[in-house]
Amino acid sequence: RAASAAATAAARQVQAAELLAEQGEGRASPADIRSNQGKARAFLESELGLAARLRAALKDGAAGGELLELVKACDYMYAHFPDPERVQALELDALKRLAAEASYWEGRIRSTLS
């Protein structure tokens, strides 16, 4: 389930980039813009779900394989860490920092959607 969530998130990120490029080039009609807004909302809702699942998995525990897939799917949350490889190694101190990031991103995305 986590692997399919990661694949879905990656596909949506590509779609979002394509939509932004299309709108930025002025090729989008008003109907396309409305459609793209719906797609952007769906993308953000998906990311919100991933952030919530990651935060819950870090708080309540999860199987190692599931946790690692969630961590990989949310790599933007720790890409700025000086030691991102420690997060993927599931080292406790790095996961504690990631839990704080997951909470931050969950709030930020929720705020954007409201």
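## The whole protein

The accessible surface of this protein is about 6,700 Å², and carbon and sulfur atoms own 55% of that area (areas come from the Shrake-Rupley method with a 1.4 Å probe; for residues, only the protein chains shown count as cover). What you are looking at is a predicted model, in which local features need pLDDT of at least 70, side-chain atom pairs count only at pLDDT 80 or more, and totals for chains, interfaces and linings use all residues. Residues are numbered from 1 along each chain as its sequence is written, and side-chain values use heavy atoms, with hydrogens and water left out.

The protein has 5 helices and 0 strands (DSSP runs numbered from the N terminus: H or I of at least four residues for helices, E of at least two for strands). Of its 114 residues, 29% are buried (under 20% relative accessible area; exposed is over 50%, partly exposed in between, with a 1.4 Å probe and protein chains only).

## Helix α2

Let's follow α2, which covers residues 30–60. Its 31 residues reach 44 Å from first C-alpha to last, close to the expected 45 Å (1.5 Å times one less than the number of residues).

Which residues of α2 are buried? They are Asn 36, Phe 43, Ser 46, Glu 47, Leu 48, Leu 50, Ala 51, Leu 54 and Ala 57. After α2 comes Gly 61, with a positive phi near 95°.

## A loop residue

Leu 90 sits in the loop between α4 (84–88) and α5 (92–113). Although Leu 90 is not a glycine, its phi is positive, about 60°. Is Leu 90 buried or partly exposed? Leu 90 counts as partly exposed because its relative accessibility is 28%.
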